[in-house]
Structure formats: structure tokens, C-alpha cells
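The sequence and the structure are shown below.

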Amino acid sequence: MKALYIITGASKGIGEALANQLEQDNNNDVLRLARTNPNVLQNLITVDLTDETASVKVVTDWLSSRLATATSVTLINNAGTVEPMGVVGKINASQLSQALMLNVGAVIALTSAFVELTDNFNGQKFVMNISSGAGRNAYEGWGVYCATKAAVDRFTEVLVKEQSTKTNPVKATSIAPGIIDTGMQSTIRSHSEEYFPNVDRFIDYKNTGKLSSPEATAAALINYLHSEKMGTFAITDIRD
């Protein structure tokens, strides 16, 4: 009997740290999904998450063959992009579709497939959507990122409301993980003030050691996932 975990964006950053820590327990069976597999991991399936048909098929095939012997099932929607950055009027429209599909479309498609596949599953069911404070506050230069993370928050609220009438509901939350020292932060710091007026603040976060490590963040997220708080709040922050 295994606890099943599906983690998107699991080849680097928070996703990689989550998978690494969960895999330390032999009672866990972890599926990593990512665009690339730089470490050639056997349990990582490369898939373009903006291709909903392909990603849903991967999740469906993997879960269907394991549900009968599972004790719990968890989907962690972690993959995302901060691009395109830029104040309104300087947003790169060619990157817009990719951001919408990855940050929102993939979350909705995979969560919907997960809910359908586990409808008759008697064990515990969890969906953790990795959100951001950007979904709850407006930041200049982050119009697309703020909008997509706000969409994930609202989608999660709908999911929690729909599941509240179920006998064995999916417990879900959209959680902001704080400011993490990942490649996304490097991307943020690489932009000019013209495109991202808050860039100096994020450079200062890095220079003054205010960024959390992916490993510490992953540990905090796992603790939250396994706590009584999980599913209590549709929208939350790991720092609360």
C-alpha cells in the first residue's frame, strides 16, 4: 500500500525539493512531471504541461494502475512561469498564451482529471496548488503573473465549495510558499526597472539573505499537507 504523489514542475526548484523529500519515505510513490529530465530520473515523465491532452493522459495512465492499492492520493500543481513580465503596454504578447496555459490551464485540466479519477477512491485525497502572494496583491510589472495566480486561487475556492458536499471530499488549498531562492527569482532580477519597477526590492532580498531555500520551503509545504490545516482554508500562506 502506497501514498501516491503527483508533482508538476518537479525537475527543479520547489518541485524538485518536494519530490526529493517525499521519495525518502519508501511508503510513498512519487510521479514527477516536467518539461525536461536533466538527471534522467526513472520516475520523471517529460511532458509539455501546456498540452492538456498529453498531460492528462500521463496522469490518468499512472494513477489508474495504482489506485487500487493506494492509501492516499495527492496532486501538487507546482509548475509555473513568471513570464511575460512587463508593465501594461510592454507585455510580450507572444508569451501570453504559454503563461495562461501553464499557470492556469494545466492546473484546471490536471485537477479536473484527478477529481474524476479519484471520485470512487476511499482513501484520502489532496490537491495542493502552489500559488503566490502575487495572486492576492497587485505588483507593477506582474500583470500576467498576478492575474494567473489570482485565477488559481479562485479556481481552488470553487473546488473546495464543490467538494464540501461529498462524503469523501478532495481536500484542497491554494498556498503561497513565500519568496524562494529559485531560477524564477533569477529571472525576476534580470529585468530592468522599466519592465519591473520592483526589481531593486528583489535584488535586495537576494543580497540580504531574505530568500528561503527550496528545501526549507518544501519541508514546510509537506508539513502543512500532512497537518490538520490541510483543506481548512481554500486560500492560505505558508507564512501564516
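A crossover counts as right-handed if, with the strands pointing away from the viewer, the path from the first strand over the helix to the second runs clockwise. In this predicted model, strand S5 (residues 124-130), helix H4 (residues 143-163) and strand S6 (residues 170-176) make a β-α-β unit of that right-handed kind. A right-handed β-α-β unit is also made by strand S4 (residues 70-77), helix H3 (residues 96-117) and S5.

| Strand pair | Sense and bridges | Residue pair |
|---|---|---|
| S4 and S5 | parallel, six bridges | Val-73 and Lys-125 |

How much of S5 is buried? Six of the seven residues of this strand are buried, so that S5 is mostly covered, where buried means under 20% relative accessible area.

H3, the helix of the unit with S4 and S5, also packs against helix H2 (residues 52-64), at an angle of about 30° and with the axes 10 Å apart. The crossing of these two helices is right-handed. On the H2 side, the contact is formed by Glu-52, Ser-55, Val-56, Val-59, Thr-60, Leu-63 and Ser-64. Their counterparts in H3 are Met-101, Gly-105, Ala-109, Leu-110, Ala-113, Phe-114 and Leu-117. By class, the residues of this contact comprise nine nonpolar, four polar and one charged.

Conventions: Residues are numbered from 1 along each chain as its sequence is written. This is a predicted model: local features need pLDDT of at least 70, side-chain atom pairs count only at pLDDT 80 or more; totals for chains, interfaces and linings use all residues. Side-chain values use heavy atoms; hydrogens and water are left out. Buried means under 20% relative accessible area, exposed over 50%, partly exposed in between (1.4 Å probe, protein chains only). Helices (H or I, at least four residues) and strands (E, at least two) are DSSP runs, numbered from the N terminus. Two strands pair if DSSP finds at least two bridges between them. Axes are lines fitted to C-alpha atoms, for helices over the stretch in contact, and angles run from 0 to 180 degrees between N-to-C directions. A crossing is left-handed if the near helix is turned anticlockwise from the far one by less than a right angle, and right-handed if clockwise. Contact means heavy atoms within 4.5 Å. Ala, Val, Leu, Ile, Met, Phe, Trp, Tyr, Cys and Pro count as nonpolar, Asp, Glu, Lys and Arg as charged, and the others, Gly among them, as polar.
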